[in-house]
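My notes follow the model.

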Amino acid sequence: MSLPKAVVFDLGKVLLDFDYRIAARAIEPLCKVKVDQIMRHFGSFPILLRYETGLMSTAEFYDESCRITGYSGKAEDFAAAFGNIFTPIEPMIGLQAQLREAGCPTYIFSNTNEMAVAHIRKAYPFFGNFDGYVLSFEHGGLKPDPEVYEVVERVTRLTDSSILYIDDRPENIQTAVGRGWRTILQETPEKTITAVRQAGLLAARTKP
């Protein structure tokens, strides 16, 4: 079997860990509800779903959040708290850098939202080092819907086993498998890195 021609990374829980409780705790002093109730809002549907599919603007999401939680602070402070929920998964960030150095194109494919991406662009320079991005809020669809996987194929100009895809959610992997992509279900960074090496990418492409 030929080598994959690109590696597509999920973002959350693959390159960056995240915890919405960090944001809930940050805004709680300016809310009329407690952390657990704020968490229910952040995790609720269809509000977050609408935001992450681009059907709700950032301003609309902020207004709805204020209505539900009683938040009385500034919009920019809310955005800063909502975005500042990430911690880097350094071995995976290092893996992407190695692949890039070895000449292997890399892409991000993520269910995410505008506030999160704005924060990540500012806080994590590695995010700018990919060949392309398929972000749910920009394309009106969420994984594991097949339509957004078609977007990845258009962006990468690749199909089937030419794509190696890394994700932490089995349902997202399942759709990729159905399209003929090669996949790695991320359980630990160490297992993922081993699997990428076993795929032959770094060994075949690393410069002397």
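**Sheet and helix**

I began with E1 and E4: three bridges join them, and the two strands run parallel.

Next I traced the whole sheet. It is open, has five strands in the order E5-E4-E1-E6-E7, and its pairing is parallel. E5 and E7 (182–185) are the edge strands, each pairing on one side only. Ignoring direction, I find neighbouring strands turned by 20° against each other on average.

I then turned to H9. Which strands does H9 lie across? H9 lies across E1, E4, E5 and E6, and runs at about 160° to E4.

I checked which residues of H9, spanning 146–156, are buried. They are Val148, Tyr149, Val151, Val152, Glu153 and Thr156. In an α-helix, residues three or four places apart point the same way, because there are 3.6 residues a turn. The buried residues of H9 pack against strands E1 (6–9), E4 (106–110), E5 (132–135) and E6 (163–167). Helices H8 (136–139) and H10 (170–178) are also packing partners of these residues. After H9 comes Arg157, with a positive phi near 60°.

Last, I looked at confidence. The chain averages a pLDDT of 94, and 96% of the residues score at least 70. Residues 204–208 fall below 50, and this stretch has eight contacts in the model beyond near neighbours in sequence. Where pLDDT is low, the predicted coordinates should not be read in detail.

Note on methods:
Residues numbered from 1 in each chain as written. Predicted model: local features only at pLDDT ≥ 70, side-chain atom pairs only at ≥ 80, totals over all residues. Heavy atoms only, no water. Buried < 20%, exposed > 50% of the residue type's maximum accessible area, 1.4 Å probe, protein only. Helix = DSSP H or I, 4+ residues; strand = E, 2+ residues; numbered from the N terminus. Contact = heavy atoms within 4.5 Å. Pairing = 2+ DSSP bridges. Axes fitted to C-alpha atoms, helices over the stretch in contact; angles between N-to-C directions. pLDDT = per-residue confidence, 0-100.
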